[in-house]
Amino acid sequence: MIRSEFRKITSIRSPWLLLAAGPLIVVAGVTGLIQSGGNVHDPAVQRQALAHAGLAALLTLIFGIVAVAGEYRHGSITDTYLSCPDRGRVITAKLAVYGLVGAAAGLVSSAVALAVTAVWWAAKGGSLQLSGTDTWLTLGGGLAACFAFSIIGVGLGALIRNLAGAVAVALAWIALIEGIVGQLAGSGLARWLPFYASEALDRTNIGGTTRLLPQWAGGLVLLGYAAVFAGAAVAITLRRDVT
Amino acid sequence: MELEVRELTKEFGPVTAVRDVSFTAPAGQVTGLLGPNGSGKTTTLRVALGLVRASSGAALIGGVPYQSLARPRRTVGAMLEATGFHPGRRARDHLRVLAAAAGVPGRRVDEVLGQVGLAEAAGRRVRGFSLGMRQRLGLAAALLGDPRVLLLDEPANGLDPAGIAWLRGLLREQAGQGRTVVVASHVLGEVAQTADHVVIISAGRLRFTGPLREIGGTSSALESAFLKLTGALA
């Protein structure tokens, strides 16, 4: 099953085009930070630049959604279940393969963030501080967020099998709903929501929220969401008719 | 190895798609599963393939449900109407994906592509395929595991006259090798020329099951029997 899932990804172009957008976003993001006057001598700005690695998580989320919802979209899910009627195994294989590729995309994204930051720091005469654990925690957080969101994506795509619907729900949640829910709940509770947790983990802090969880806790919370989505995906997939 | 449908009932919410249907499709014969649109043919096949769960009753292949088959694709080959392909994937890659999941050796991919006449199109993306070519690719997927049982839903759809003649030869040949071939269709003329055994369902209920010759071996005899049995000629 694992080999079959890998072949599914490697035999078409769209997943690679999607994931290739990650490094481009990172390059543009870091460049934008410097162009808008980021001070290369400020360690906080360095962290901010490196944190762009986590932006690729949005792409691994969509990548994960396509794993199951994309198969319903094209009608290939029937053939997949005919090959392996044990649907739990199918979803588990997808979680493994998409999680691995999602993590690899996060690794590439982190490497690119580091490289671009190094280039800008050199060009502007700053000195990059690589010795502190802070740097590696920021980059590692980005990688972990990419992994977790690819798993969440697989789960979401299995729960909402309509591809357009699943992508719309994911984007609406990130752009709109979580912010509203967060305001209603107050920042003490809001920081436990998935996207706030991911901001703590990858340190992107797009919303400018001040009260985030510590990084390790954000990571654990996000992995918890990933586990819940993965479990729900397996449970619901076992019971549903495929028509 | 035969397909045995036993007192099968399937309800989708308030709609009963199949009600108490029983029949056997014997090995070494082509069985035509006939019925008007929406009569329950596809639902019956989907239950037999473990895609849809029966409300009661069962569909067994060689005595066991599809989910219990040790190597399902090497036992049963299926082609369903709603089955699709990723448009950006090449025909050969599509079959390689299935072969990997089914535990079928990679050389079978080129064998079945040749068998269905797609050898030259193997490297092309499915996006550019005609309906007939997609149908052939679906048949290639069904044949991939060299199965003992073939369950095909409207396999002649989109095939040109030469393709239909070729399909008829293929199905006869498969049955001649002792395999169980089940073809769901509403193209009666085609079934009259291919099938040995006929199952007619209408509105989810079994109307007839038996050898084709019992209700007339010719196309027109089959048609009048079909229309009478399905209540279209009230």
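Here are some notes on this predicted model, point by point.

1. Let me start with the overall make-up of chain A. Chain A has 11 helices and 0 strands. Read from the N terminus, its elements therefore run α-α-α-α-α-α-α-α-α-α-α.

2. Next, the dimensions of chain A. Along the principal axes, its C-alpha atoms fill a box of roughly 60 × 40 × 25 Å. The radius of gyration of chain A is 19 Å, which agrees with the value near 18 Å that a compact globule of 243 residues would have.

3. Buried residues make up 47% of its 243 residues. Among contacts in chain A with a separation of 6 or more, 80% are between residues 24 or more positions apart.

4. One helix pair in chain A is worth a look on your screen. The axes of α3 (residues 43–50) and α6 (residues 87–123) of chain A come within 9 Å and cross at roughly 140°.

5. Now to the interface between the chains. Here 23 residues of chain A are in contact with 28 residues of chain B. On the side of chain A that touches chain B, α1 (2–10) and α5 (77–83) of chain A each supply at least two residues. The most comes from α5(A), with 6 residues. Sorted by class, that side of chain A has 7 nonpolar, 10 polar and 6 charged residues.

6. Is B:Met79 buried or exposed? B:Met79 is buried, because 26 other C-beta atoms lie within 10 Å, and 20 or more are enough for that label.

7. Leaving out residues up to four places away in sequence, B:Met79 touches B:Gly138, B:Leu139, B:Ala141, B:Ala142, B:Leu152, B:Asp153 and B:Pro155. For one of these, B:Leu139, the C-alpha atom is separated from that of B:Met79 by 6.4 Å, although the two residues are 60 residues apart along the chain.

Note on methods:
Residues are numbered from 1 along each chain as its sequence is written. Chains are lettered from A and ligands numbered from 1 in the order in which they are written. This is a predicted model: local features need pLDDT of at least 70, side-chain atom pairs count only at pLDDT 80 or more; totals for chains, interfaces and linings use all residues. Two residues are in contact if their C-beta atoms, placed from the backbone, lie within 7 Å. Helices (H or I, at least four residues) and strands (E, at least two) are DSSP runs, numbered from the N terminus. Ala, Val, Leu, Ile, Met, Phe, Trp, Tyr, Cys and Pro count as nonpolar, Asp, Glu, Lys and Arg as charged, and the others, Gly among them, as polar. A residue is buried if 20 or more other C-beta atoms lie within 10 Å of its own, exposed if 12 or fewer, and partly exposed in between; C-beta atoms are placed from the backbone. The radius of gyration is taken over C-alpha atoms; the globule rule is 2.2 Å times the number of residues to the power 0.38. Axes are lines fitted to C-alpha atoms, for helices over the stretch in contact, and angles run from 0 to 180 degrees between N-to-C directions.
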